[in-house]
Amino acid sequence: MSAREEVLGRIRTALGATRAAVPDVVRDYRQAGEHPATGPELLDLLVDRVEDYRATVLRCAPAEVGATVRAALDQGLGAGWAAADVVVAPGLPADWRPEGCDVDDDRPPVQLADRSASVTAVAVAIAETGTLVLDGSPDCGRRALSLLPDCLVCVVTADQVVGGVPEGIGRLDPLRPLTMVSGPSATSDIELQRVEGVHGPRTLLVVLAA
Amino acid sequence: MTATVPPKAPTFLGLPTAPRGVGHLRGDQSFPDAARTALRDGQLRANLGHATTTIRNKRAKVVGEVADWEQLRAAGKALKAATMAHLDEHLEELERQVTARGGTVHWARDANEANEIVTRLVQATGTGEVVKVKSMATQEIALNEALEAVGIEVFETDLAELIVQLGEDKPSHILVPAIHKNRAEIREIFARTIPGVDPGLTDEPRQLAMAARKHLRERFLRARVAISGANFGVAETGTLTVVESEGNGRMCLTLPETLITVMGIEKVVPTWRDLEVFLQLLPRSSTGERMNPYTSTWAGVTPGDGPQEFHLVLLDNGRTAVLADEVGREALHCIRCSACLNVCPVYERAGGHAYGSVYPGPIGAILSPLLTGVEDNASLPYASSLCGACYEVCPVAIDIPSILVHLRAEHVEAQEKTTAEAVAFRALAKVMSNPRLWHLAQRASRLGRLLSRGRPTLPNALPPPISGWTRSRDLPTPPTSTFVEQWTREHRSAK
Ligand code: SF4
């Protein structure tokens, strides 16, 4: 008998001929947050929660994204950064990109480790938990892009912000490779003292356009 | 490898438990004997006490801000129970979906078979080294040892796991496995074992973390094979999930050409939507954060993004025997958050190593004997005061105290011969199964504290019937107040 048949057979034996009735799953937990979509309370909540992870948020008008991304890079890399050190997702809108920056292509992913910063969009932002979700679409880029450079700039637009986790899960496509990012990478493994930035980007900057 | 190990009697309905001679589910000593050593280590207890208190308070704060926590908890419990009731169908669906998206699914009856499968897969790639994301399932089956036995080098990449690996030590906590080590000890391990480490390395946590970053970076960039566990596997879509903090998980899940994921069969969830419950319950219960820094999900293989070869190994290793136990089956609902460790007065004193298994604390006290059969972990069901704190914090409301009592009864029943120990265990089980009697015995044991006069352990001072057991196994000096009393007091004052 194959291991597959045997394990499945064991499960059937364990559960018996007359299986226990399946309990009802009552989903009476909150399906949505309290604040109206795109409203100031919702956006303020997102900012508060993202900053609580010691990430930086820069707010701007939708037309100002390009300049604000540059300002974010000033903060993350220090003024005088070279555009060639910044790599952006291939589908990032042209007016969000710093002039002269590198655009990700199908190079071996490890080469992205040579860049100092990356810029991506997000698919969804969850306000209550301060979570940004990247879904591998062209404006978010492949997973290595938001992982290897030490400074990550994510652009969020107001319509992408939802209240709680259920709304976020509902908007996402589980067949895409998803990365949920809540603050910069961190460890508390040494005497529980939090250290930001172990293997992922040490600096996370969020540009919120509304 | 296990041919010399005597076969053991299968338990419920003849289903095999986790085999002997492989893996890390059994200790070399009984719990009381191992705990005695830990109890004499003041530093260890101070480290543990600090850690559990800190995480406990963080958890309480972020759980407190979720108005619908109890509804989420009830949904989590119901989801797990509903999944177990049709576990076979969900696994078949998961297999179909993963396969449809370019992954390969393997089934492993036990630790030996899982280790053989992974070893074969790694060898087929021709590489001599792998990077690993922290995973309880691969620790359970001792995968690292199996790979190293055939000359494959294994790099643990979680900082705490790295500390444990380099220090040739054992993990002592599910979430923070190196919590028993302080910064000076970690610096010493790094200075001794990391090739080319800066000799001026101090014991400042940031410096130590950066030394680990540097050490592992080049390994990530050159790795061709990664091995991970999984927190959840979604049947309807074939989506696997890894929840982590440091980004080492993302490195492993993203950069190598081949990814091998070892997942216990109980980790399947039926639908994508179910994650809306578990991704709220897990981070708040575990690290005490609203959300952990990184959660990665993937379904099979994505062209141009991440590993182009994906293998999922579905592991039984005693889980179906647990499923056959109608009371014990709830232990399979565990999402490994470790909240029950941090509230357990016994864990806080004895530490993780005393449990002898990769699963310590209250969950370990039920899961390890359930997986191995109670005869192989006979003392663990007694490693609890049945105070109920573990049940209170468990995000999927596993009734750990009831399962402990159930296992005690089973253990006593299994002892055919009327040895002195069996008699004592039976009496102990009776006391411990009855809250009123247990209360009385605990108060009586406070009297024992007076008699012990500050000695670290208390050999003969307990009143009968417990004395029959403690004569041969020193019991820790009881605290000045019982945990239940302390808990009640603290909670009252918090309100
Ligand atoms: S038993 Fe419950 S509290 Fe303990 S680790 Fe598992 S899920 Fe967490």
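1. Start with one lining. The residues B:V343, B:C344, B:P345, B:V346, B:P362, B:S384, B:S385, B:L386, B:C387, B:A389, B:C390 and B:L404 line the second largest cavity. A cavity is a set of points, on a 1 Å grid over the protein atoms alone, where a 1.4 Å probe fits but cannot get out; lining residues have an atom within 4 Å of a point.

2. A word on the source. This is a predicted model, in which local features need pLDDT of at least 70 and side-chain atom pairs count only at pLDDT 80 or more, while totals for chains, interfaces and linings use all residues. Residues are numbered from 1 along each chain as its sequence is written, chains are lettered from A and ligands numbered from 1 in the order in which they are written, and side-chain values use heavy atoms, with hydrogens and water left out.

3. Back to the second largest cavity. Its volume is about 80 Å³, where a volume is the space filled by probe spheres set on the points, and grid points are joined across faces, edges and corners. In chain B, α15 (345-350) and α17 (389-393) each supply at least two residues of this lining. Helices are DSSP runs (H or I, at least four residues), numbered from the N terminus. The lining has ten nonpolar, two polar and no charged residues. Here Ala, Val, Leu, Ile, Met, Phe, Trp, Tyr, Cys and Pro count as nonpolar, Asp, Glu, Lys and Arg as charged, and the others, Gly among them, as polar.

4. Now the whole structure. A search finds six cavities of 30 Å³ or more. The largest cavity has a volume of about 90 Å³. It is lined by 13 residues, and the closest to its centre are B:C334, B:C337, B:C340, B:I363 and B:C394. By class, that lining has eleven nonpolar, one polar and one charged residues.

5. What takes up the space of the largest cavity? The ligand does; a molecule sits in a cavity if more than half of its atoms lie within 2 Å of its grid points. Around the ligand are B:C334, B:I335, B:R336, B:C337, B:S338, B:C340, B:I363, B:C394, B:P395, B:I398 and B:I400. This shell has nine nonpolar, one polar and one charged residues.

6. Next, charge pairs. Side chains of opposite charge can pair when their charged atoms come close. A salt bridge is a side-chain nitrogen of Lys or Arg within 4 Å of a carboxyl oxygen of Asp or Glu. The count over all chains is 51 salt bridges.

7. Look at A:R19. Its side chain meets that of B:D88 in a salt bridge (2.8 Å, N to O). The pair crosses between chains, from the loop between α1 (3-15) and α2 (40-52) of chain A to helix α4 (residues 87-100) of chain B. A:R19 is partly exposed at 26% relative accessible area, whereas B:D88 is buried at 2%. Buried means under 20%, exposed over 50%, and partly exposed in between (1.4 Å probe, protein chains only).

8. A:R19 has another partner. B:E89 forms a salt bridge with A:R19, with the closest N and O atoms 3.8 Å apart. B:E89 also lies in helix α4 of chain B. At 41% relative accessibility, B:E89 is partly exposed.

9. One pair stays within a helix. B:R36 and B:D33 form a salt bridge, their closest N and O atoms being 3.1 Å apart. Both lie in helix α1 (residues 31-39) of chain B, three residues apart, about one turn of the helix. B:D33 is partly exposed, at 23%.

10. Finally, a network. Salt bridges that share partners join A:R4, A:R12, A:R19, B:D88, B:E89, B:E92 and B:E95.

Definitions and conventions
1 Å grid on protein atoms, 1.4 Å probe; cavity = no way out; pocket = protein on both sides within 12 Å on 5 of 7 lines; lining within 4 Å. Near = heavy atom within 4 Å.
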